[in-house]
Amino acid sequence: MPPACPAGICRNGLLNMQQRSVNLDRKTPFSFSCRCCLACCRNKKIQVNPYEITRLARNRGLSTSDFINRYTTEEGTYLTWDAEGRCIFLDSQGCAVHRDRPLVCRLYPLGRHVTHALQESYSEFEPDPECQGVYGTDGQIGDYLESQNAYPFMEAADKYLQLFWKLCNILQNSAADPINDNLATTAHTGPYFSVAAPYDILKDVDGTVADFCKKEKVALPKDIEDQISIHIRAIEVWACHSRKGGQDEENVNG
Ligand code: SF4
Ligand code: SF4
């Protein structure tokens, strides 16, 4: 375990930052010029989803399981930090993984909010007291997202959000099922998966996709986007299979 971050706000990361404008959209006038002071890479908890883990793992030349073990806390939930509260990827030159940095780093100083109907809105955070960035209205939020190459990350985040809701539905159905009253206690990883535990299926993209492709007798995808699509499909199959107590389940569209 890394040392506890010395600053209070890092326990809740960006969620604890004050919003000064809400209900913004991609056409809202906005511009922001970063001065690279790197103050925003300290004292925050940076949450990562499986897509971001996969991008970062490729950046470091690691498998996703090795990346999770080396660079994250809480089994792949947050990037780790050093004793001074600096993100593990912050070095003297800046962000060591800039090309593959997570979505929250791309959005800052904006936040993105998505409803169950996948309606999005944006908020603008109060500037960090140490932030030297310059706010303006020279462009629109959509321009800013484009400049940060945020769209592939937003698309992947939305896919995992939809998967999360689907898993919630499966859990609810399981609760009403006298055979399986709790997916969390009945779920198992076989026969599809050699990874150790259900949690690994959710986070270890490489291991889960390799197992699934072997079982389905299909080639391993080379493209990260294809890999993520197969990962999501594998989780759906696993969840439905577990709900049925290990019997094969073909329909995972619920
Ligand atoms: S604190 Fe502000 S100016 Fe400094 S690196 Fe972060 S966004 Fe840029
Ligand atoms: S991943 Fe990079 S941009 Fe994000 S907090 Fe860490 S050093 Fe900063």
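Guide: Happy to! One term to begin with: a residue is near a molecule or strand if its C-beta atom, placed from the backbone, lies within 6 Å of it. This is a predicted model, where local features need pLDDT of at least 70, side-chain atom pairs count only at pLDDT 80 or more, and totals for chains, interfaces and linings use all residues. Residues are numbered from 1 along each chain as its sequence is written, while chains are lettered from A and ligands numbered from 1 in the order in which they are written.

Visitor: Which residues surround ligand 2?
Guide: Around ligand 2 you'll find Cys41, Ile46, Cys87, Phe89, Leu90, Cys95, Val97, Arg101, Pro102 and Cys105.

Visitor: And how does that shell around ligand 2 split by class?
Guide: The shell holds nine nonpolar residues, no polar ones and one charged residue. Here Ala, Val, Leu, Ile, Met, Phe, Trp, Tyr, Cys and Pro count as nonpolar, Asp, Glu, Lys and Arg as charged, and the others, Gly among them, as polar.

Visitor: What surrounds ligand 1?
Guide: The shell of ligand 1 consists of Cys34, Arg35, Cys36, Cys37, Leu38, Ala39, Cys40, Tyr108, Asp128, Cys131, Gln132 and Gly133. By class, that shell has eight nonpolar, two polar and two charged residues.

Visitor: Let's zoom out. How many helices and strands does the protein have?
Guide: There are nine helices and nine strands. Both are DSSP runs numbered from the N terminus, with helices being H or I of at least four residues and strands E of at least two.

Visitor: What share of the protein is buried?
Guide: Of its 254 residues, 31% count as buried. A residue is buried if 20 or more other C-beta atoms lie within 10 Å of its own, exposed if 12 or fewer, and partly exposed in between, with C-beta atoms placed from the backbone.

Visitor: Which residues touch the most other members of the largest nonpolar core?
Guide: Those are Ile53, Cys87, Ile141 and Ile235, in a core of 45 residues. Helix α9 (residues 224-243) gives the most to this core, namely seven residues. At least three core residues come from each of domain 1 (8-45 + 81-149) and domain 2 (154-243); the domain bounds are from an automatic or database domain assignment. By nonpolar core I mean a set of buried Ala, Val, Leu, Ile, Met, Phe, Trp, Tyr and Cys residues joined through C-beta atoms within 7 Å.

Visitor: What does Ile235 touch?
Guide: Leaving out residues up to four places away in sequence, Ile235 touches Leu163, Ile201 and Leu202. Two residues are in contact if their C-beta atoms, placed from the backbone, lie within 7 Å.

Visitor: Which residue other than glycine has a positive phi near 60°?
Guide: One of them is Asn43, with phi near 60°. Asn43 sits in the loop between β2 (29-33) and α1, and counts as buried because 21 other C-beta atoms lie within 10 Å. Asn149, in the loop between α4 and α5, has a positive phi near 50°. Asn149 is exposed, because it has 12 C-beta neighbours inside 10 Å.

Visitor: What about Ala150, buried or exposed?
Guide: Ala150 is buried, because 20 other C-beta atoms lie within 10 Å. Its place is in the loop between α4 (141-147) and α5 (151-175). Apart from neighbours within four places in sequence, Ala150 is in contact with Leu103, Arg106, Leu107 and Leu145.

Visitor: Which peptide bond is cis?
Guide: The bond from Tyr108 to Pro109 is cis, with omega near 10°. Pro109 lies in the loop between α3 (103-107) and β7.

Visitor: How do β7 and β8 run?
Guide: Strands β7 (residues 110-114) and β8 (residues 120-125) run antiparallel and are joined by five bridges. Strands pair if DSSP finds at least two bridges between them. Gly111 stands opposite Ser123 in β8.
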